[in-house]
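Please keep the sequence and the structure in view while reading.

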Amino acid sequence: TLALISALCISGDSAAELPVFEQALQNVNSTVMVQESFKLGQLTLPGQQFVYVEAVSLSSPFYQFQRLGALYVWTIAENEKRGEYVDLDEFPKLRSGLEYIGSKSIELSGKILDHTSMTYRTRGGLSIGFWQDGKLQKGVIVLDGVQLQFEAITEFIPEFVALLDKADAV
């Protein structure tokens, strides 16, 4: 199991919003770092769009933490890999937030609404949610500023939560 053994605290406003895992990647120098990734799966969106999900770990035999774990969610946009890290401590809130959004999207589906939107945003900036205008409902995922829209939010959320569960088992 990926385990967050100790938190890496970096001071400063810009680092405060970054996941601990990403702070470690950017700020730990002059030591041996071992980064491992485990492919958990991919989610297929319309228009040849894919969202990839990996469990990642970072360890160092010589630094203040033994092992940090996270989820890395990414896509390819304009021939570049664009993604966000989600620390392990965010998993429970992310899971319950997505389950709530999924249930609300089912509840509102088919109803006529002027406009409704619902989003869960992680510390690092991964956003997942949906919007609805009239009866038209679209799922939205934002990864490193890249917004992907799709129709099947009610299918996407359970698939994404299943990958979260799979990451817990790695």
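**Aromatic pairs in the predicted model**

The model is predicted, and a search of the whole structure finds five aromatic pairs. Among them is the pair formed by Phe 50 and Tyr 52, which is tilted, with 6.2 Å centre to centre and 35° between the planes.

- One aromatic cluster is formed by Phe 50, Tyr 52 and Trp 74.
- Over the face of Trp 74 lies Lys 81, at 4.2 Å from the ring centre.

**Tyr 72 and Tyr 85**

- The ring centres of Tyr 72 and Tyr 85 are 4.5 Å apart and their planes stand at 35°, so this pair is tilted.
- Because Tyr 72 belongs to strand β3 (residues 67-77) and Tyr 85 to strand β4 (residues 80-87), the pair ties together parts that are 13 residues apart in sequence.
- Tyr 72 counts as buried, since its relative accessibility is 12%, and Tyr 85 is also buried, with a relative accessible area of 13%.

Key
Residues are numbered from 1 along each chain as its sequence is written. This is a predicted model: local features need pLDDT of at least 70, side-chain atom pairs count only at pLDDT 80 or more; totals for chains, interfaces and linings use all residues. Side-chain values use heavy atoms; hydrogens and water are left out. Rings of Phe, Tyr and Trp (its six-membered ring) pair if their centres lie within 6.5 Å; planes under 30 degrees apart count as stacked, over 60 as edge-to-face and the rest as tilted. Helices (H or I, at least four residues) and strands (E, at least two) are DSSP runs, numbered from the N terminus. Buried means under 20% relative accessible area, exposed over 50%, partly exposed in between (1.4 Å probe, protein chains only). A charge sits over a ring if NZ of Lys or CZ of Arg is within 6 Å of the ring centre and within 35 degrees of the ring normal.
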